[in-house]
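Please look at the sequence and the structure before reading on.

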Amino acid sequence: MPRVLIIDDQKDVRAMVAIVLRVNRFEVVEAESGAAGLKAFAESPCDAAIVDIFLGDTSGVDVIASLRERAPGLPIIAVSGMTTLDFLDQAPHLANVVCLQKPFRPNDLLQALRKAQTAAGGELPAAV
């Protein structure tokens, strides 16, 4: 079962994303902050990550950069409800990050996961 790390400081958003993923047979690891997410990833690497850009303790862009240093091929989805995410294209270490605007539908999330995996050059094991 593929493991997906969700890093979002909004509990309701984490819960909704976790439900969608669990229903689609993913194992989910939730983190309420960038620091907690990086710690969780260090303790048990995941197959993909969903990272909110605006976190209370740090920038999601910095978290994504740290995840990429640890796992260069990790499929990553950047989510935000506040802005367009076009600026991610400007940073080479953020290449192939898939952007998803909040609010999003469950199907949008699953499509973004597939797109992130394709961008990372592989396939998620299981039912994506």
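Two residues are said to be in contact, or to touch, when they have heavy atoms within 4.5 Å. The model is a predicted one, in which local features need pLDDT of at least 70 and side-chain atom pairs count only at pLDDT 80 or more, while totals for chains, interfaces and linings use all residues. Residues are numbered from 1 along each chain as its sequence is written, and side-chain values use heavy atoms, with hydrogens and water left out.

The overall plan comes first. The chain contains four helices and five strands; helices (H or I, at least four residues) and strands (E, at least two) are DSSP runs, numbered from the N terminus. Along the sequence these elements follow the order β-α-β-α-β-α-β-β-α. Of the 128 residues, 48% count as buried. Here buried means under 20% relative accessible area, exposed means over 50%, and partly exposed covers the range in between (1.4 Å probe, protein chains only). Among contacts with a separation of 6 or more, 62% are between residues 24 or more positions apart.

Two helix pairs may be considered next. Axes are lines fitted to C-alpha atoms, for helices over the stretch in contact, and angles run from 0 to 180 degrees between N-to-C directions. Helix α1 (residues 11-23) and helix α4 (residues 106-120) have axes that come within 10 Å and cross at roughly 70 degrees. The two helices are therefore roughly perpendicular to each other, on a scale where angles under 35 degrees count as roughly parallel, over 145 as roughly antiparallel, 65 to 115 as roughly perpendicular and the rest as oblique. The crossing of α1 past α4 is right-handed; a crossing has this hand if the near helix is turned clockwise from the far one by less than a right angle, and is left-handed if anticlockwise. On the α1 side the contact is made by Val17, Val20 and Leu21, and on the α4 side by Pro106, Leu109, Leu110 and Leu113. By class, this contact has seven nonpolar residues, no polar and no charged ones. In this division Ala, Val, Leu, Ile, Met, Phe, Trp, Tyr, Cys and Pro count as nonpolar, Asp, Glu, Lys and Arg as charged, and the others, Gly among them, as polar.

Helix α2 (residues 34-43) packs with helix α3 (residues 60-70) at an angle of about 10 degrees, and their axes are 10 Å apart. This makes α2 roughly parallel to α3. Their crossing is right-handed. Gly34, Leu38, Phe41 and Ala42 of α2 meet Val63, Ser66, Leu67 and Arg70 of α3 in this contact. The residues divide into five nonpolar, two polar and one charged.

Attention now turns to charged side chains. Side chains of opposite charge can pair when their charged atoms come close. A salt bridge is counted when a side-chain nitrogen of Lys or Arg lies within 4 Å of a carboxyl oxygen of Asp or Glu, and the count by this rule is seven. One of them joins Asp52 and Lys102, at 3.5 Å from N to O. Asp52 belongs to strand β3 (residues 48-52) and Lys102 to the loop between β5 (98-101) and α4, so the pair ties together parts that are 50 residues apart in sequence. Both partners are buried, with relative accessibilities of 4% for Asp52 and 15% for Lys102. Salt bridges that share partners link Asp8, Asp52 and Lys102 into one network.

What does Lys102 touch, not counting residues up to four places away in sequence? The residues are Asp8, Gln10, Val13, Asp52, Val79, Ser80 and Gly81. Between Lys102 and Asp52 the C-alpha to C-alpha distance is 9.7 Å.

Other salt bridges involve arginine. Arg22 pairs with Glu30, the closest N and O atoms being 3.7 Å apart; Arg22 is partly exposed at 44%, and Glu30 is partly exposed at 35%. Arg105 pairs with Asp108 at 3.1 Å between the closest N and O atoms, and Arg105 counts as exposed at 58%.

Two details of the backbone complete the account. Most residues other than glycine have a negative phi, and most peptide bonds are trans. Arg25, although not a glycine, has a positive phi of about 65 degrees. Arg25 is in the loop between α1 and β2 (27-31) and is exposed, with a relative accessible area of 58%. The peptide bond from Lys102 to Pro103 is cis, with omega near -10 degrees, and Pro103 is located in the loop between β5 and α4.
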